Amino acid sequence: MKAITLSFLLASGGGLAALAGTQPAAPKPATIPVPAAAKVDVNALLKEVMKFDLASQSDHMSVAFWAPFEFFQAVGRASAKPEQYAELDKSIEVLKNYQIFLVRRSYKDDQGLSRVIAAEDLARTAVLILRDGTERLPLRELPNEIAGTVSAFKRGVEANSQGIEYSTLVFSNKGKAGQWLLSAASKDRVSLRFKAISPMAESRFTWSTPLDSLSAPQACPTCRESLPQSWSFCPWDGARLGGGAK
Ligand SMILES: [Zn+2]
């Protein structure tokens, strides 16, 4: 696999804009026309992949940032020309074998000092729960084939978070038959759960897919309202939507 370099730039609007390329290149203009079907709003995607759990206990906070293959693809395409998409997809294909998360859990101690749950404790208490209830534990080591990409991604996010540090959790995305277990672009659901670790209570993050920014909206068959692809029922008239039960 060709090494890819990801660098993240802060957008003028305060959001996180991203640049990626198959080689360390100078920043390119942000206005690159892409086919409508392939265009992903990276800032909208960022809002979907990042979740906060402001626990019932004050001063306890957990953050989880899911970076599925489609995230890296969208970030890469943001600074690539359409004719480069195939090469880009190929260069990051290996990421489909994993589900990558950046996580931070923190609380304030008796003295009011901020304390962070250590990476090894996060790994020890984390479990990924697939839609059928299957649980998977994180890999003990970051696989070599994605180490460079993952650490560049982590540095980029940290640089845009005022230097706040995250821990990386990586899960295998392959089933026994070698099939991919989860895709952010298909109808599915995944949860990342952290068992309680003193003094923090359990925390659970759930993503329903396809992520809205990765899919075209669907029309309600009754009222024609444009609704996210991940929804199963129209909120206005209760009509069942195309994707089926969820
Ligand atoms: Zn409707």
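I looked up Arg-224 and counted it as exposed, because 9 C-beta neighbours lie inside 10 Å. For the label I used these cut-offs: a residue is buried if 20 or more other C-beta atoms lie within 10 Å of its own, exposed if 12 or fewer, and partly exposed in between, with C-beta atoms placed from the backbone. The model is predicted; local features need pLDDT of at least 70, side-chain atom pairs count only at pLDDT 80 or more, and totals for chains, interfaces and linings use all residues. Residues are numbered from 1 along each chain as its sequence is written.

Backbone of Arg-224. I noted a positive phi, near 70°, in this residue other than glycine. Arg-224 sits in the loop between S12 and strand S13 (226–227). I took helices (H or I, at least four residues) and strands (E, at least two) as DSSP runs, numbered from the N terminus.

Gln-162. I found a positive phi here too, about 55°, and Gln-162 is not a glycine. I placed Gln-162 in the loop between helix H5 (144–159) and strand S9 (167–172). Gln-162 counts as exposed because it has 6 C-beta neighbours inside 10 Å.

I checked the background: most residues other than glycine have a negative phi, and most peptide bonds are trans.

Cis bonds. Which residue does a cis peptide bond join to Pro-199? I found Ser-198, with omega about 5°. Pro-199 is in the loop between strand S10 (188–194) and strand S11 (203–209). I also logged a cis peptide bond between Thr-209 and Pro-210, with omega about 5°. Pro-210 belongs to the loop between S11 and strand S12 (218–219).
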